[in-house]
Amino acid sequence: MEKIEEQFANLCVTKRCALTEDSTYLLDIDVSKSVLAESNHLVAVSCSNKSIKVYNRETLHLLREYSGHPGLLNGVRFAHTSENMLFSACSDGTIKCWDTRLATQKTIQLFSGYPSNVFISFDINCSDLIVCAGTEKVEEDTFMVFWDARSNTNYACTAKEPLGTYSETHDDDITKICFHPNKPNLVASGSTDGLVNVFDINKENEDDALIATCNSNSSVSFIGWSGKDYKQVYCMTHTEGFCWWDLTQIDSEEPMTLLQIPDVREVVFTENSNLNYLIGGLYHEKADKLFVVGGTAMGNIHLINCGIDGLSLVGTLHGGHSATVRSFYWNMTDDSLLTGGEDAQLLLWKPGAVERSLVKKASMKIASSVQQRVRVHRNSLKSKKK
């Protein structure tokens with residue numbers, strides 16, 4: 001733990017993306033799973049102006065930009081087995097797949113939902129065989145929609161129809177979909193109904209597939225897997241709460257809940273700073289530690305350690321962003337960190353690095369920032385299972 005604390009404290013900004021004059025927020029970050037040298041990794045960022053930008057990970061030079069989406073983007077994911085395949089979800093009810101080697105705006109795969117679908121979350125499983133997207137609630141319907149992600153031998157972009165849906169286990173917007181890191185048949189979903197559900201999609205129907213239901217008692221904003229062999233799930237909420245469950249206790253008399261904190265801001269104390277919001281979480285395999293990442297309105301970034309006895313501040317990064325940080329990607333191989341925020345900045349942090357240019361982007365807050373960052377959620381949460 002002391003080593004991680006030292007590594008985090010030594011992180012410094014080494015690269016910034018080129019400055020832009022617009023007020024585009026950087027919403028989501030993913031990095032290609034390259035089998036080649038680190039310098040060949042790509043970084044994809046989804047933006048509030050409905051575009052996707054692809055950068056070289058080491059230089060942060062812009063390589064590709066995909067624009068013209070008819071709706072809001074809700075995540076980007078690189079394939080696990082093909083470093084150049086990039087997926088994106090759009091509120092127009094489609095999932096698109098791009099080949100980052102091609103200098104074209106054409107997708108190589110298109111996954112279409114049902115007419116009423118508005119996708120607000122998605123993920124692809126570790127074998128790149130299944131794509132799943134979560135929808136907004138329309139009238140009484142909320143869906144997890146599944147597709148076969150295997151590509152055709154030619155690049156003919158014919159829209160793929162869904163394999164099927166789950167529709168019985170959530171009754172409000174499905175805000176997060178997260179497949180298990182190593183087991184392609186396990187997927188977790190989080191919703192504004194307060195529930196985090198875990199499914200085994202190898203089962204024949206939705207009832208049999210549901211293997212765990214965990215109640216956060218608040219609207220879910222982020223979910224992830226943690227622990228040895230990733231047998232735990234955790235979530236964050238739109239009220240900045242944190243919940244953590246042990247799936248090995250499903251069939252035992254022991255409680256599944258490892259930790260439940262309604263508002264992290266009330267229990268994590270920072271020096272000469274504050275904690276305004278949670279960004280996400282990550283599990284550090286080497287250290288067998290779960291961390292939560294939070295921030296301040298002025299762009300500071302907090303790393304918080306999670307233990308069954310509570311949460312504790314590891315350290316704070318200053319001087320990078322000038323506004324709310326929306327996304328991050330921590331590379332465990334070289335302990336580098338990528339962050340994106342509402343100041344339209346993509347930053348690369350490395351231990352002991354020295355930034356050549358210390359020009360920091362001024363805050364680019366715009367009138368609709370609150371509307372773009374926070375969705376309106378119902379307060380009434382139904383009592384469910386565990």
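1. A polar contact is a pair of N or O atoms within 3.5 Å. Keep that in mind for threonine 213, whose side chain is joined to that of asparagine 197 by a polar contact of 3.0 Å. Please note that this is a predicted model.

2. Where does threonine 213 lie? Its place is in strand β18, which covers residues 210–215. Threonine 213 has a relative accessible area of 9%, and because buried means under 20%, threonine 213 counts as buried.

3. Next, have a look at an open sheet of 4 strands, with antiparallel pairing and the order β10-β11-β12-β14. Its edge strands, β10 (119–124) and β14 (164–166), each pair on one side only. On average, neighbouring strands of this sheet are turned by 25 degrees against each other, direction ignored.

4. Within that sheet, β10 and strand β11 (residues 130–135) run antiparallel and are joined by 5 bridges. Aspartate 123 has cysteine 132, in β11, as its bridge partner.

5. How many cavities of 30 Å³ or more does the structure hold? There are 2. The largest has a volume of about 50 Å³, and its lining residues include Phe8, Leu282, His302 and Trp330. Strands β25 (301–307), β27 (325–331) and β28 (336–341) each give two or more residues to this lining, with the largest share, 3 residues, coming from β25. By class, the lining has 8 nonpolar, 2 polar and no charged residues.

6. The second largest cavity has a volume of about 30 Å³. Among the residues that line it are Thr142, Tyr166, His170 and Glu206. Here the lining has 4 nonpolar, 4 polar and 2 charged residues.

Methods. Residues numbered from 1 in each chain as written. Predicted model: local features only at pLDDT ≥ 70, side-chain atom pairs only at ≥ 80, totals over all residues. Heavy atoms only, no water. Buried < 20%, exposed > 50% of the residue type's maximum accessible area, 1.4 Å probe, protein only. Polar contact = N/O pair within 3.5 Å; in protein donor to acceptor, adjacent residues only side chain to side chain. Pairing = 2+ DSSP bridges. Axes fitted to C-alpha atoms, helices over the stretch in contact; angles between N-to-C directions. 1 Å grid on protein atoms, 1.4 Å probe; cavity = no way out; pocket = protein on both sides within 12 Å on 5 of 7 lines; lining within 4 Å. Points joined across faces, edges and corners; volume = space filled by probe spheres on them. Nonpolar A, V, L, I, M, F, W, Y, C, P; charged D, E, K, R; others polar.
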